[in-house]
Amino acid sequence: MSERNIRIESVDRQAVEDQDVEIVERKGIGHPDSICDGIAESVAGALAREYLDRVGEVLHFNTDETQLVAGEAAPAFGGGEVVDPIYLLIVGRATKHYEGQTIPAETIALRAAREYLESEIPQLTVGEDIVVDVKLGEGSGDLQEVFGEDEVSVPMANDTSFGVGHAPLTETEEIVHETERRLNGEYAEENPALGPDVKIMGKREGDTIDVTVAAAMVDEYVPNMDGYVEAVESVREFVESVAREHTDREVNVHVNTADDYEEGSIYLTVTGTSAEQGDDGSVGRGNRANGLITPNRSMSMEATSGKNPVNHIGKIYNLLSTEIAEEVVAEVDGIRDLRVRLLSQIGRPIDQPHVADVQVVTDDGVAVSDVRADVEAIVDQELADVTEITRRVIEGELSTF
């Protein structure tokens, strides 16, 4: 029997899929908040790997306070220009001196940020459209000690905090998540007029799903107003086809609803992101660790991106609780809806949470007692393997937003 404090209980509410109203949001990779998330996490991974290469262990750091200040642009059909560049500041702490070595943490951070932007948001020319700066203070001495205990295989929690995960995704959640990923994947490859700043809002009211899309269009590939209208309609048709793959419910898709064609007020951009014109960004203000913003479900307000993957609970427990929820639903029959909450206590081993609380909505005819043992066994095993989350994060195998 596990010595971990694992609790399995029923929850007195309807499964989210069965509630009358559901709201789901996802901010695409080019959204100002997601730009901050992506760069913060890219820098975190680069620092962790560099520390491992140089000293054999991950030293103390965090980059989860990264901020973006919007620029100014003058978009025009056929191509406009950025008037005032976007400013992005990588903020946090990092260990720069260790056992006689000097580690160029800020140089590593700048390189990682540039490589991320060139890979994920190539419309932004680093040094012209966006200026990237970095200010990393020295890592905290007391927290550095937590990382330096060679004889301890499972790190101690750096904070008293919690993470939340849930499964399975509802139809609306699947539509919102999949729509953004595919718009910024296969669709954008064939349709360069679509910029990476795509925000999806899903609303299900009864059996009617409305999907509202804010899609930044890149002016270089839009010759005139007719071309813009065609680009918007093409996005609408694609989103509708994606939604049809996930539901038999009625679906209505709306794209760029603030446009006023008569006034010439449209969502046209130079770089494909609203960050070029007035929209600021911060780490942790966008998607949660599962890639969605879900007001129908419990969420942690922790910023997952940019945190140290060794013992920072705000990262580890949000990712782990999501993994646990997905694993339980995949392996245990009879579960309609599930929520996992993992609470740490500073100084305790991260595989020994203060409580691991699993709340389930079971199918008709299935009692919690029927699934308790199987669920507890999975939770126990996932907690025992918690350091695997750290490895996968460092290798870039897990998405944090």
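**View 1. Asn256 in a loop between two strands.** In this predicted model, Asn256 lies in the loop that runs between strand S14 (250–255) and strand S15 (268–269), where strands (E, at least two residues) and helices (H or I, at least four) are DSSP runs numbered from the N terminus. Its phi is near 50 degrees, which is a positive value in a residue other than glycine. Asn256 is buried, with a relative accessible area of 7%; buried means under 20% relative accessible area, exposed over 50%, and partly exposed in between (1.4 Å probe, protein chains only).

**View 2. Glu99, in the loop between strand S8 (97–98) and strand S9 (101–102)****.** Glu99 also has a positive phi near 50 degrees in a residue other than glycine, and at 71% relative accessibility Glu99 counts as exposed.

**View 3. The cis peptide bond between Ala167 and Pro168****.** Omega of this bond is about -10 degrees, and Pro168 is found in the loop between strand S11 (162–167) and helix H4 (171–190).

**View 4. The largest nonpolar core, with 38 residues****.** A nonpolar core is a set of buried Ala, Val, Leu, Ile, Met, Phe, Trp, Tyr and Cys residues joined through side-chain atoms within 4.5 Å. Ile39, Leu88 and Ile90 touch the most other members of this core, and the largest share of the core, 10 residues, comes from H1.

**Notes.** Residues are numbered from 1 along each chain as its sequence is written. Because the model is predicted, local features need pLDDT of at least 70 and side-chain atom pairs count only at pLDDT 80 or more, while totals for chains, interfaces and linings use all residues, and side-chain values use heavy atoms, leaving out hydrogens and water.
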